[in-house]
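Please look over the structure shown below before reading on.

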Amino acid sequence: MNRSSNHAPQWGEFLRRNSTYVILLAIVLGFAVLAPEFLTVNNLLTVALQSTLVALAAIGMTLAIITGGIDLSVGSVAALSGALAAGLATRGGLGTYPGLLIGLMAGAGIGLLNAAMIVWGRIPPFVATLASMAIARGLTLVYTQGRPIAGLDRAFTFWGSESLLGVPMPVWVLLVVAVLVHLLLSQTALGLHIYAIGGGEETTRLAGVNVGVVKFCVYVISGATAALSGLILTARLWSAQPNIGVGLELDAIAAAVLGGSSLAGGVGGIPGTLAGAFIIGVLSNGLNLLEVPSYNQQVIKGLVFILAVMLDYFIKQRRAVRSGRVPSTG
Amino acid sequence: MTSSQPVALPMDRRAFVQRFGLAFSFLLLMLALTLLSDRFLTAANLINILRQATINGIVSVGMTMVILTGGIDLSVGSVLALAVTVGASLMKQGQPVGLAVVAALGLGALLGMINGLMITKARIPPFIATLGMLTVARGLTLMYTQGQPITGLPASFRWIGTGVVGGIPVPILLTALVFLAGWVFLSRTRYGAYIYLLGDNPTAARLAGVPTERITVLVYAISGFCAALAGLILVARLDSAQPIIGQGYEFNAIAAVVVGGTSFAGGEGGLGGTLLGALLIETLNNGLNLLNVSPLWEQVVKGVVIALALLLYKAFSPPSR
């Protein structure tokens, strides 16, 4: 992945493999030139902190996308987990850590529901997770009665507002989760099966892999990482808000796709997804430093997203044409 | 992509369950609500349900055609917002109402065309292309309005949302017209047949001489047009174009379409199911309201209905793939 070379023919190959990092680097360099305060340790930590919520949800999303699926429920799961944890920890009187644990388990539980609908019900992932997106958001509204839950103790807010060795806790959580899931994908049989399902589900089944079990793992992990995102946001806000995470699924999908995942399945990885999430985070941060009005920022982000995907396609297409293959368009 | 369905018999059973299973569930729901609440089966309440269903219904017509081609349009809510804010501000600037309406509808169709061109010319998958449009069009709406709502629209425009003709509200008449036109287009024209063919098997459609790129651009343009029309009706009713109008409408429309039995794989389904799907969701919400269930439960019920409907379809479909 890091083997670069100055020989002309390999340069294209390098670009093709690392287009996400090249785009991220270009954006970082651009902002470093335009805004002197961008490239400071403090600001970069802020960028990391801001990217954490999308990045965590995008990690689980990446697994779902690699299998050729999708998880639209992540935003609602984040809200449900945050609300349950905060509610049980405060007015429920369970204490902070049991609350956090149940919040996390609720996220995994919605993932279980998703997997059951997809594997046993044979419902396409898009609509199955659309249904659970509505259900989890609805349960959040019912549980909170549409009102925020405040009064979290220091042990809870620690996970959002404190730092360890100068690095914010959410960034530590992201690092640990990213490393674990990356190892799972790249070093285990389960990881291999996840890619295999995306490459061809029927072939994988015929090769003796229990496709259902693999999908259960994928959607449970996606639910759990979405829950972590919600718990951390709740800890950062010092309260559970019933409407957090609206649109998180779209940001997470954007991060995964910017990171090189194909919605057709079989392609993608955690380092790319992190870079994708950081592209989104760096853009917000840099445009803020340049004092671009927030309304214009959204247009710029959308255009960058479309251009990045088009660029990626054209790089891959040129490569494919040269080697005589025609790329499939998921 | 979808494997061929070799036997005719299971197809018939599936078609039967999909067509009449939904209608049967709908009638059962009506019966139950009639028994549970004496306010349900009144003309005023039924018209209320229809009026509630108009906005999502019209958006769902375009969405049905897009999903029939095997695509998806996530941008409808944002396209709706940009189209109506431009239309509303034209009216505020003193332009004739007719011109403003045509401009809004044209803009909706144009944004849809751009979606279609991104998909056909730049080869971006529909999900990604329309996700990009969702972000850009919403951003443009916020830029254009600077986050301020536009209110105080002319009475002649507001008639679209509040008028009554022959005892029936104008929005309901317009929705009926859109469904009728869409149904004729899908089932009685060559282009309609092309849409089904394209969704069923894109490669075969192309080889058979179907102008696949033109059809794709067309369905996304229709989807943008429908979104803009739904937005105009909504704004005329509320007398206010909020810049965040239409957020999340894509998911409501997708819900109506899939509950209506249109397959995500493309090539299978139709507007009759979508109409029933949209009405079923709205009737449930109305029933919960009449039974004094907290509106907070609406989302839960919607999710459960989507899941149950799909499980039902799957249970009665032959094992394919």
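Helices and strands are here DSSP runs, numbered from the N terminus, with helices (H or I) needing at least four residues and strands (E) at least two. By that definition, Gly277(B) lies in helix H12 of chain B. The model is a predicted one, in which local features need pLDDT of at least 70 and side-chain atom pairs count only at pLDDT 80 or more, whereas totals for chains, interfaces and linings use all residues. Residues are numbered from 1 along each chain as its sequence is written, while chains are lettered from A and ligands numbered from 1 in the order in which they are written.

- When neighbours within four places in sequence are left aside, Gly277(B) is in contact with Ala256(B), Val257(B), Val259(B) and Gly260(B), where contact requires C-beta atoms, placed from the backbone, to lie within 7 Å.
- Between Gly277(B) and Leu234(B) there are 43 residues of sequence separation and 20 Å in space, taken from C-alpha to C-alpha.

- Helix H7 of chain B (residues 170-188) has 19 residues and should span 27 Å at 1.5 Å a residue, which agrees with the 26 Å between its end C-alpha atoms; the expected span is 1.5 Å times one less than the number of residues.
- The buried residues of H7(B) are Pro171(B), Thr175(B), Val178(B), Phe179(B), Gly182(B) and Leu186(B).
- Because these buried residues fall within an arc of 95° seen down the axis of H7(B), they line one face of the helix, the arc being that of the directions from the helix axis to the C-beta atoms.
- On the face of H7(B) turned away from the buried side are the exposed residues Leu177(B), Leu180(B), Ala181(B), Val184(B) and Arg188(B).
- The partners against which the buried residues of H7(B) pack include helix H2 (43-68), helix H10 (212-238) and helix H12 (271-290) of chain B.
- In H8(B), the buried residues are Tyr194(B), Ile195(B), Leu198(B), Gly199(B) and Asp200(B), and they pack against H2, H7, helix H9 (202-207) and H10 of chain B.

**The H2–H10 pair of chain B**
- The axes of H2(B) and H10(B) are 8 Å apart and the helices pack at an angle of about 175°, with axes fitted to C-alpha atoms over the stretch in contact and angles running from 0 to 180 degrees between N-to-C directions.
- H2(B) and H10(B) are therefore roughly antiparallel to each other, a term that applies to angles over 145 degrees.
- Among the residues that make this contact are Ile58(B) and Gly62(B) of H2(B), and Phe225(B) and Leu229(B) of H10(B).

**Loop residues with positive phi**
- Arg123(B), in the loop between helix H4 (97-120) and helix H5 (126-145) of chain B, has a positive phi near 60° although it is a residue other than glycine, and it is partly exposed, with 17 other C-beta atoms within 10 Å.
- Gln146(B), in the loop between H5 and strand E1 (150-151) of chain B, has a positive phi of about 50° and is not a glycine; Gln146(B) is exposed, with 9 other C-beta atoms within 10 Å.

**Chain A as a whole**
- Chain A has 14 helices and two strands, and 49% of its 330 residues count as buried.

How values were computed: A residue is buried if 20 or more other C-beta atoms lie within 10 Å of its own, exposed if 12 or fewer, and partly exposed in between; C-beta atoms are placed from the backbone. Two residues are in contact if their C-beta atoms, placed from the backbone, lie within 7 Å. Angles under 35 degrees count as roughly parallel, over 145 as roughly antiparallel, 65 to 115 as roughly perpendicular and the rest as oblique.
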